[in-house]
Each structure stands twice: as structure tokens, then as C-alpha cells.
Amino acid sequence: MTCALLLIDLQQGLFPNGHPALDGVGTRLNALISSASAAAVPVIAVYHQAAGTAFMPGEAPWQWLAQIPLPDGVIRVDKTTPDSFLRTSLQHELTTRGITRLVVAGYASEFCIDTTVRSAAAHGYAVDLVADGHLTHNKPHADFTQIIAHENATLSSIRSFGVAIRAVPAADIQWD
């Protein structure tokens with residue numbers, strides 16, 4: 001396999017009051033996790049942590065969402081910025097496995113998803129952004145559906161990195 005499923009920041013503390021789209025996203029991501037595992041595609045879970053906050057290993061807010069259980073053998077990467085590559089083990093994990101394409105999903109569309117997709121492309125990885133598998137919360141300037149649509153359109157329009165960035169519905173994701 002030359003692809004990996006990269007799940008970002010699906011942690012309890014980011015959804016203290018739930019989310020109107022979480023059930024649907026969870027269902028789609030659970031199906032992707034299952035199909036990735038069946039195809040022997042590595043699943044990588046990126047956990048945000050921040051010193052001096054409850055987002056530290058072992059604390060309840062840091063824990064992965066129970067409705068999106070991780071498979072045995074998941075690769076855990078800890079990050080402290082929106083970029084899943086910056087000062088993390090992600091590049092090493094991908095290189096040692098010969099990964100050339102990432103399927104990216106998770107939270108937050110306009111921060112960690114956007115930054116990681118751009119960074120992945122800058123590192124030479126083709127990216128399939130799971131168009132219906134990332135989410136964020138409403139902001140004063142736009143509701144979450146507008147932000148998700150904006151990210152899907154914007155990221156998939158970037159050509160300057162020299163690798164493909166595609167926004168693909170979960171049902172259309174193919175493992176190579």
C-alpha cells in the first residue's frame with residue numbers, strides 16, 4: 001500500500017456539546033476505517049495536545065471520540081500546532097511505510113485540516129480530502145457547512161504544489 005488514512009483531532013474536548021454533523025461524519029469515517037483496515041492501509045490518528053491545558057495525554061478532553069473507535073495497530077502522532085507535520089513523527093511514519101498519498105479527515109476544517117493538507121502537498125504527498133469527512137463548528141462569519149464547502153473548493157483548486165489535492169466523498173475513496 002502506498003496510501004494511509006490520516007484522522008486528525010477527533011477528540012472529546014473539541015465536541016463538548018456534540019455537533020449536528022458528527023453522527024453522519026462518524027458513520028462515514030467508521031466505514032473508511034473499516035475498509036482501510038481490511039485493505040491493510042495504515043490508519044494514523046493525530047492527537048492535538050497543549051501544555052497547561054486539559055489536552056494532555058490521559059485527560060478526558062484529549063481522548064479520542066468513542067463513536068469513532070480506532071482499530072488495533074493505529075499509529076498515533078501527537079501535535080501541538082495545526083500542522084500535523086510540524087515537530088511531529090508523521091513524516092517518519094509515512095516515509096518508513098513508503099506512503100505517497102494521504103486520505104485526510106477529521107477536525108477542524110479551516111485550521112488543522114487545511115494546514116495539514118497544504119503541508120502534506122508541500123511535502124510531496126498527493127491528498128484525497130474526505131469531502132464529507134471533516135468538520136468544524138459555526139464561526140461568527142460563516143456556519144460550519146459554508147466553511148466545509150469553502151475548504152473543499154479551495155484545497156482541491158490548488159495546483160502549485162505539483163501533486164493532486166482532491167476533495168472526494170467518503171463513498172468514493174479507493175485504496176491503492
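This is a predicted model: local features need pLDDT of at least 70, side-chain atom pairs count only at pLDDT 80 or more; totals for chains, interfaces and linings use all residues.
**Notebook: a first look around the model**

I started with two helices: in α3, Ser109, Glu110, Asp114, Val117 and Arg118 meet Ile147, Ile148, Glu151, Thr154 and Leu155 of α4. By contact I mean heavy atoms within 4.5 Å. Sorted by type, the residues of this α3–α4 contact come to 4 nonpolar, 2 polar and 4 charged. For that sorting, Ala, Val, Leu, Ile, Met, Phe, Trp, Tyr, Cys and Pro are nonpolar, Asp, Glu, Lys and Arg are charged, and the others, Gly among them, are polar.

Numbering runs from 1 along each chain as its sequence is written, and side-chain values use heavy atoms, with hydrogens and water left out.

**Back to the helix pair**

How do the axes of α3 and α4 lie? I find that α3 (109–122) and α4 (144–155) have axes that come within 11 Å and cross at roughly 15 degrees. The axes are lines fitted to C-alpha atoms, for helices over the stretch in contact, with angles from 0 to 180 degrees between N-to-C directions. The two helices are therefore roughly parallel to each other (under 35 degrees; over 145 is roughly antiparallel, 65 to 115 roughly perpendicular, the rest oblique).

**The whole chain**

I then stepped back and found 4 helices and 6 strands in the protein chain. These are DSSP runs, helices being H or I of at least four residues and strands E of at least two, numbered from the N terminus. Walking along the sequence, I read the pattern β-α-β-β-α-β-α-β-α-β.

For size, I looked at the C-alpha trace, which spans about 35 × 35 × 30 Å along its principal axes.

Buried residues make up 49% of the 176. Buried means under 20% relative accessible area, exposed over 50%, and partly exposed in between (1.4 Å probe, protein chains only). Of the contacts between residues at least 6 apart in sequence, 76% join residues at least 24 apart.

My next stop was the loop between β1 (3–8) and α1 (22–38), where Phe15 sits. Is Phe15 buried or exposed? Phe15 has a relative accessible area of 7%, so I put it down as buried. Leaving out residues up to four places away, Phe15 touches Asp9, Leu10, Leu22, Leu65, Tyr107, Leu135 and His137. I also noted Pro61, 46 residues from Phe15 along the chain, with 8.8 Å between their C-alpha atoms.

Asp9 belongs to the loop between β1 and α1 as well. I marked Asp9 as buried, at 2% relative accessibility. Its phi is positive, about 55 degrees, although Asp9 is not a glycine.

Most residues other than glycine have a negative phi, and most peptide bonds are trans. Arg87 also has a positive phi of about 55 degrees without being a glycine. I found Arg87 in the loop between β3 and α2 (90–97), and at 65% relative accessibility Arg87 counts as exposed.

Which peptide bond is cis? I found the one from Tyr107 to Ala108, with omega near -10 degrees. Ala108 is in the loop between β4 (101–107) and α3.

Gln49 lies in the loop between β2 (43–48) and β3 (75–79). With a relative accessible area of 16%, Gln49 is buried. Beyond neighbours within four places, I list its contacts as Phe55, Met56, Pro57, Trp62, Asp78, Lys79 and Thr80.

Ala36 is in helix α1, and at 0% relative accessibility I count Ala36 as buried. Apart from neighbours within four places, Ala36 is in contact with Leu5, Val41, Val43 and Trp175.

Last, I checked Ala131 in strand β5 (126–135). Ala131 is buried at 17% relative accessible area. Setting aside neighbours within four places, its contacts are Ile148, Asn152, Ala167, Val168 and Pro169. I noted that Ile148 is also among the α4 residues that meet α3. Between the C-alpha atoms of Ala131 and Ala105, 26 residues apart along the chain, I read 8.1 Å.
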